[in-house]
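Hi,

Here is the structure I promised to pass on. My notes follow below it.

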Amino acid sequence: MSKRWSVILAGALLSMTVAACGTPGEPGAPANQGTAGGGGAESAPVKVGLVYSKSGPLATYGEQYRQGFTAGLDYATKGSGEVNGHKVEITEQDDAGDPAKAVAAATDLIGQGHKIIAGSTSSGVALQVAPLANDNKVLFISGPAAVDALSGANKYTFRSGRQTYQDVATAGSMLGDVSGKKVTVLAQDSAFGKANVAAVTAILGAKGATVDSVEVPAAATDVTPFATKIKGASPDLLFVAWAGANAASMWSTLEQQGVFESTKVVTGLDIKPTHAIFGKASSQINFLSHFFDGASDNAAYAALAKGLKDQGATVDLFTNDGFVAAQMIAHAIEASDSDVDAMVSALEGWSFEGPKGQLQIRAEDHALLQPMFTATLKQDGSTIAPVLGDTLDPAAVAPPVTPFK
């Protein structure tokens with residue numbers, strides 16, 4: 001996620017219940033005593049570095065990731081904090097959303113013997129840490145960063161969240177067959193906005209849609225002329241990619257100009273504090289989401305909700321990404337406490353239940369195949385909460401394979 005939404009999509013977010021005695025590698029399964037490094041209580045700890053946004057513009061997302069990670073590690077280790085007798089020792093580092101700080105922190109951790117690095121709230125950070133992991137042959141599991149280029153980056157790089165392709169494909173699903181349909185992207189004239197225009201053009205354009213854009217100068221205070229242009233064009237789908245402080249005014253203008261009456265409007269569902277910002281338009285917007293409170297119901301979700309409650313927090317957008325990262329790390333350590341190539345092999349092709357539902361790590365490029373969701377917002381008194389629409393099968397939004405470079 002090179003720059004996540006203030007109120008919308010980033011970039012650039014199923015039923016197998018875990019039994020009390022599962023297969024090796026699943027939470028609830030007995031530890032695999034035959035793997036390398038499986039030892040007793042005196043075994044050396046496995047050092048894991050979390051490099052993420054503890055501060056900076058994405059600190060709220062980073063905190064959700066960390067809270068989810070804590071709950072996930074507790075779940076994956078059945079409360080012990082250990083895998084095969086090895087204590088999982090976590091060291092946190094703040095990258096503040098700065099790639100240079102992230103690389104410095106990861107380099108320092110690797111020098112101290114950390115063979116596993118996780119985190120990366122920002123896409124810009126993840127893209128810089130991934131080559132470092134490859135050069136030093138350490139396992140890197142990126143977090144909320146949604147940039148597509150992480151999939152297929154190298155054999156040592158994985159992700160615990162969704163990627164931009166899955167977001168955009170979910171938006172396209174709201175039109176059914178997009179072939180021959182007209183899609184307009186409303187975005188700011190910025191790197192963030194242009195990246196979203198490019199993603200929608202590449203993904204939905206490849207499926208036969210005609211894609212154009214209305215790009216608003218970042219300093220613009222009046223969106224009326226742009227809303228009028230969209231109303232006149234009457235696209236089949238308006239994809240809104242907005243990261244500005246004037247988001248509330250933008251949504252109000254679209255509503256006042258009657259845009260919702262002439263086209264289907266889609267945007268990404270952001271964290272809970274932003275849900276009230278849509279105003280009167282909230283009931284007219286179609287939301288895509290990779291996760292939200294109430295999106296799913298399984299053993300992993302229940303464990304996430306309980307783990308967050310114990311921390312005084314609640315389920316939100318990026319708590320899933322942290323939880324899944326912890327599951328992946330525990331599974332990797334089950335294969336080996338020190339052989340990173342063995343960790344990689346164990347993760348490739350692994351299918352498991354996360355809070356969202358059934359997930360699979362595609363061996364060919366390490367894309368995380370996962371369900372996605374559509375939602376609407378409903379106001380009940382002073383509370384505004386998402387309501388689940390459709391749950392899209394992982395195959396329906398799976399990105400094309402990107403071979404390792």
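In β16, threonine 383 is the bridge partner of aspartate 380. This is a predicted model, by the way. Strands β15 (residues 372-380) and β16 (residues 383-392) run antiparallel and are joined by eight bridges. They form a hairpin, with two residues between the strands. Glycine 381 sits in that turn and has a positive phi of about 70 degrees.

Next, the aromatics. There are nine aromatic pairs in the structure. In one of them, the ring centres of tyrosine 75 and phenylalanine 323 are 5.3 Å apart; the planes are at 35 degrees, so this pair is tilted. Tyrosine 75 belongs to helix α1 (residues 59-76) and phenylalanine 323 to helix α10 (residues 319-335), so the pair ties together parts 248 residues apart in sequence. Both tyrosine 75 and phenylalanine 323 are buried.

Tryptophan 251 and phenylalanine 278 also pair, with centres 5.3 Å apart. Their planes are at 65 degrees, so the pair is edge-to-face. Tryptophan 251 is in helix α7 (residues 247-256), while phenylalanine 278 is in the loop between β10 (264-268) and β11 (286-289). Tryptophan 251 has 0% relative accessibility and counts as buried. Phenylalanine 278, at 2%, counts as buried too. Ring pairs also link Tyr52, Tyr65 and Phe69 into a cluster.

Last, helix α5. Its buried residues include Phe192, Val197, Val200, Ile203 and Leu204. The face turned away from the buried side carries exposed Ala191 and Ala202.

Best wishes

Note on methods: Residues are numbered from 1 along each chain as its sequence is written. This is a predicted model: local features need pLDDT of at least 70, side-chain atom pairs count only at pLDDT 80 or more; totals for chains, interfaces and linings use all residues. Side-chain values use heavy atoms; hydrogens and water are left out. Buried means under 20% relative accessible area, exposed over 50%, partly exposed in between (1.4 Å probe, protein chains only). Helices (H or I, at least four residues) and strands (E, at least two) are DSSP runs, numbered from the N terminus. Two strands pair if DSSP finds at least two bridges between them. Rings of Phe, Tyr and Trp (its six-membered ring) pair if their centres lie within 6.5 Å; planes under 30 degrees apart count as stacked, over 60 as edge-to-face and the rest as tilted.
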